[in-house]
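Welcome to a short tour of one protein chain. Take a look at the sequence and the structure first, and then read on.

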Amino acid sequence: MPRPAISLIIITKDNARTLKRCLDSADFVDEKILIDSGSKDETLAIARDAGCRITETADFPGFPAQKQRALAQVATPWVLALDADEWIEAPLREEMLAALEAPGDTAGFEMPRHSSFCGRLLRHGDWGRDRVVRLVRRDKARYGGGWIHDRIQVEGPVAQLASPLLHEAVFDLEHALWRMNYYSTMTAAERHKTGRKVSLAGAVGHGFWTFFRSYVLRGGFRDGPEGFFQAATAGEGSFYRYAKLMLLNRQGPGGPPQGS
């Protein structure tokens, strides 16, 4: 049997640094669907050169809702969902295509994700356990999760692939600090909206535990200096997430800021 058709979906904003590698790695798909929320760099030019069908949005309703917009445009039976800083190498591509030759009743495929921090792929710590669903049946999937943390919800069996998806999560320490500040602000606002409470002691405890779990209990120290940097910025990000939440709680009701 010929393999079923596949569409790539991706959302972007100012992703010129990584987008071409992502799109080139998915050159086996039948269609590329991209939704952009106001890029000011070369993102859209790269997407056009790669043959993407582009939709530009004036708003950004959060990561799950934006990705659901992309999913809603798919007409093919299968969907490959990538972030702009992820890419596929030959072993995973071959495993995906082989799996789709006879997928049976499988509704989605999960795979390990290897993420890099300042140029080094981390195999231990919290990141060493990362697995993601990225290949799904269109009619069995939808996006859920909070404003920041999206996930594909699949109705039906999910099979496991062995080959990793690659992810350039952090370019350098400046990028690590930007991510820490951005995501801690957005997550604090999201939790504030749900009425979550926290104390100063709780913020300190969350920060210390995040670092200790990743660096010591899960072996982040085995990834050298980058393993320490990742655990340290994760711990600091956890502390600031709850510290910001504590301060937001003093201001009364609210919700996540709009925009990205």
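## Before we start

Helices (H or I, at least four residues) and strands (E, at least two) are DSSP runs, numbered from the N terminus. With those labels in hand, please keep in mind that this is a predicted model.

## Two loop residues with positive phi

Cys118 sits in the loop between strand E6 (108-117) and strand E7 (120-121). Its phi is near 55°, a positive value in a residue other than glycine. Cys118 is partly exposed, and its relative accessible area is 27%.

Asp14 can be found in the loop between strand E1 (6-12) and H1. Although Asp14 is not a glycine, it has a positive phi of about 55°. With a relative accessibility of 36%, Asp14 counts as partly exposed.

Which residues of H1 are buried? They are Thr18, Leu19, Cys22, Leu23 and Ser25. Looking down the axis of H1, you will find its buried residues within an arc of 155°, so they line one face of the helix. On the face turned away from this buried side are the exposed residues Arg17 and Lys20.

What do the buried residues of H1 pack against? Their partners are E1, strand E2 (31-36), helix H2 (43-49), strand E5 (86-87) and strand E12 (165-170).

## A closer look at Ser25

Ser25 belongs to helix H1, which covers residues 16-25. Is Ser25 buried or exposed? Buried means under 20% relative accessible area, and Ser25 has 9% relative accessibility, so it counts as buried.

The side chain of Ser25 has polar partners. It reaches the backbone oxygen of Cys22 at 2.8 Å, and a polar atom of the Ser25 side chain lies 3.1 Å from the backbone nitrogen of Ile88. If neighbours within four places in sequence are left aside, Ser25 is in contact with Trp87 and Ile88.

## Salt bridges

How many salt bridges are there? The count comes to 17. One of them joins Arg17 and Glu168, whose closest N and O atoms are 3.5 Å apart. Arg17 is in helix H1 and Glu168 in strand E12, so this pair ties together parts that are 151 residues apart in sequence. Arg17 counts as exposed, at 55% relative accessibility, whereas Glu168 is buried, with a relative accessible area of 14%. Glu168 also forms a salt bridge with Arg21, where the closest N and O atoms are 2.6 Å apart. Here too distant parts of the chain are linked: Glu168 in strand E12 and Arg21 in helix H1 are 147 residues apart. Arg21 is partly exposed, with a relative accessible area of 32%.

Another salt bridge brings together the side chains of Arg69 and Asp59 (2.9 Å, N to O). Arg69 lies in helix H3 (residues 63-72) and Asp59 in the loop between strand E3 (53-56) and H3, so the pair ties together parts that are 10 residues apart in sequence. Arg69 is partly exposed at 30% relative accessibility, and Asp59 is partly exposed with a relative accessible area of 38%. Salt bridges that share partners also join Lys67, Asp83, Glu86, Arg113, Asp130, Arg134 and Asp150 into one network.

## A nonpolar patch

Our last stop is on the surface. Leu173, Phe228 and Phe229 form a nonpolar patch there, and together they have about 250 Å² of accessible area. Phe229 lies in helix H7 (residues 224-249) and is partly exposed, with a relative accessible area of 32%.

How values were computed
Residues are numbered from 1 along each chain as its sequence is written. This is a predicted model: local features need pLDDT of at least 70, side-chain atom pairs count only at pLDDT 80 or more; totals for chains, interfaces and linings use all residues. Side-chain values use heavy atoms; hydrogens and water are left out. Patches are made of residues with over 30% relative accessible area and no salt bridge: like charges are joined within 9 Å, nonpolar side chains (Val, Leu, Ile, Met, Phe, Trp, Tyr) within 5 Å. Accessible areas come from the Shrake-Rupley method with a 1.4 Å probe; for residues, only the protein chains shown count as cover. A salt bridge is a side-chain nitrogen of Lys or Arg within 4 Å of a carboxyl oxygen of Asp or Glu. Buried means under 20% relative accessible area, exposed over 50%, partly exposed in between (1.4 Å probe, protein chains only). A polar contact is a pair of N or O atoms within 3.5 Å; within protein, one must be able to donate a hydrogen and the other to accept it, and residues adjacent in sequence count only if both atoms are side-chain atoms. Contact means heavy atoms within 4.5 Å. The arc is that of the directions from the helix axis to the C-beta atoms.
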